[in-house]
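Below is a briefing on a predicted model.

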Amino acid sequence: MASVLLSEADPSVRRLLTALLEQLGHEAIVLDGGLDVPPPADFLLLDPTAPAYLEQARIARQRDPALRIVWMSMLPPDARFVKLGPNTHLAKPFALEGLHAALEAALASPAEGSSS
């Protein structure tokens with residue numbers, strides 16, 4: 001079981017993602033979108049459309065360079081997010097299998113902080 005920080009603005013999508021993560025056997029830790037330092041976790045599942053969420057991801061990655069980041073959006077990664085070094089992209093909309101595959105791909109990718 002992995003712990004997953006969930007940063008998503010839409011409350012209904014947050015509830016759905018929480019249920020999907022739990023169905024996959026993971027612990028979902030819902031972030032409020034503020035600039036508080038997120039707790040330690042294995043993954044950050046992030047919709048980067050809100051500027052505060054990008055800052056939250058930057059803070060989380062700074063604290064833990066090995067944090068796996070899964071970016072979920074209908075849009076391709078832009079320069080602001082690419083600078084964070086996401087491990088994988090999850091295109092919205094997605095099904096349970098897509099979420100599972102994105103988490104597995106992120107887990108299989110080298111951690112940002114492990115290559116120095």
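Glu8 is buried, with a relative accessible area of 3%, which puts this residue under the 20% cut-off for burial. Its salt-bridge partner is Lys92, with the closest N and O atoms 2.9 Å apart. Lys92 itself is partly exposed, at a relative accessible area of 22%.

**Salt bridges**

- The structure has three salt bridges.
- Asp47 belongs to the loop between strand 3 and helix 2 (51-63), so its pairing with Lys92 ties together parts that are 45 residues apart in sequence.
- Asp47 is buried, with a relative accessible area of 8%.
- Arg58 and Glu55 meet through their side chains in a salt bridge, at 2.4 Å from N to O.
- Both Arg58 and Glu55 lie in helix 2, three residues apart, which is about one turn of the helix.
- Arg58 is partly exposed at 33% relative accessible area, and Glu55 is partly exposed at 26%.
- Shared partners join the salt bridges of Glu8, Asp47 and Lys92 into one network.

- Strand 1 runs parallel to strand 2 (residues 27-30), and four bridges join them; Leu5 has Ile29 as its bridge partner in strand 2.
- Strand 1 also runs parallel to strand 3, again with four bridges; here Val4 has Phe43 as its bridge partner.
- A right-handed β-α-β unit is made by strand 1, helix 1 and strand 2.

**Nonpolar cores**

- In soluble globular proteins, nonpolar side chains tend to be buried together.
- The largest nonpolar core has 16 residues, and those with the most contacts inside it include Leu21, Phe43 and Leu99.
- Strand 1 (3-7), helix 1 (11-23), strand 3 (43-46), strand 4 (68-73) and helix 4 (96-108) each give two or more residues to this core.
- Helix 4 gives the most, with four residues.
- Beyond its neighbours within four places in sequence, Leu21 is in contact with Val4, His26, Ala28, Leu45, Leu99 and Leu103.
- Another core, of 13 residues, lies apart from the largest one, and Ile29, Leu54, Leu67 and Ile69 are among its members.

Technical notes:
Residues are numbered from 1 along each chain as its sequence is written. This is a predicted model: local features need pLDDT of at least 70, side-chain atom pairs count only at pLDDT 80 or more; totals for chains, interfaces and linings use all residues. Side-chain values use heavy atoms; hydrogens and water are left out. A nonpolar core is a set of buried Ala, Val, Leu, Ile, Met, Phe, Trp, Tyr and Cys residues joined through side-chain atoms within 4.5 Å. Buried means under 20% relative accessible area, exposed over 50%, partly exposed in between (1.4 Å probe, protein chains only). Contact means heavy atoms within 4.5 Å. Two strands pair if DSSP finds at least two bridges between them. A crossover is right-handed if, with the strands pointing away from the viewer, the path from the first strand over the helix to the second runs clockwise. A salt bridge is a side-chain nitrogen of Lys or Arg within 4 Å of a carboxyl oxygen of Asp or Glu.
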